[in-house]
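Student: I would like to go through the terms used for this model and check each against its cut-off.

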Amino acid sequence: LMTLDPRIFTDLASLKKLDLSDNLLVTLDPNTFYGLNNLSYVSVVKNSINVPTQMVLSSTYPSITFVF
């Protein structure tokens, strides 16, 4: 995966953990996780998520543990 549509997880409101490791992601739209109130963990290890995106995601969703 190189990109994700920001609405890809919209219908998965009960999603608790998400593993997006080992892809080619460079950035993630902050709206990708909007409305996922049960989501507590996202792994994006072995991607190339840039530092500004990491900071925005972590501050926008403080209840989610992001592993970069």
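Tutor: What follows takes the terms one by one and sets values against definitions.
This is a predicted model, in which local features need pLDDT of at least 70 and side-chain atom pairs count only at pLDDT 80 or more, while totals for chains, interfaces and linings use all residues. Residues are numbered from 1 along each chain as its sequence is written, and side-chain values use heavy atoms, with hydrogens and water left out.

Student: What makes up the secondary structure of the protein chain?

Tutor: The protein chain has 1 helix and 3 strands, in the order β-β-α-β from the N terminus. Helices (H or I, at least four residues) and strands (E, at least two) are DSSP runs, numbered from the N terminus.

Student: Why does the radius of gyration of the protein chain agree with that of a compact globule?

Tutor: The rule, taken over C-alpha atoms, is 2.2 Å times the number of residues to the power 0.38. For 68 residues it gives a value near 11 Å, and the protein chain has 11 Å, so the two agree. The C-alpha trace spans about 25 × 20 × 15 Å along its principal axes.

Student: Why is the pair of Phe33 and Phe66 called edge-to-face?

Tutor: A pair of aromatic rings is described by the distance of the centres and the angle of the planes. Rings of Phe, Tyr and Trp (its six-membered ring) pair if their centres lie within 6.5 Å; planes under 30 degrees apart count as stacked, over 60 as edge-to-face and the rest as tilted. By this rule the count comes to 3 aromatic pairs. In one of them, Phe33 and Phe66 are 5.7 Å apart centre to centre with 65 degrees between the planes, hence edge-to-face. This pair links distant parts of the chain, 33 residues apart: Phe33 is in the loop between strand S1 (17-19) and strand S2 (41-43), and Phe66 is in strand S3 (residues 65-67).

Student: What makes the pair of Phe66 and Phe68 stacked?

Tutor: The angle between the planes of Phe66 and Phe68 is 15 degrees, and the centres are 5.8 Å apart. That angle is under 30 degrees, so the pair is stacked. Phe33, Tyr61, Phe66 and Phe68 form one aromatic cluster.

Student: Why is Asn23 called buried, and what is Asn23 in contact with?

Tutor: Asn23, in the loop between S1 and S2, has a relative accessible area of 18%, so Asn23 is buried. Leaving aside neighbours within four places in sequence, Asn23 is in contact (heavy atoms within 4.5 Å) with Leu1, Lys46 and Asn47.

Methods: Buried < 20%, exposed > 50% of the residue type's maximum accessible area, 1.4 Å probe, protein only.
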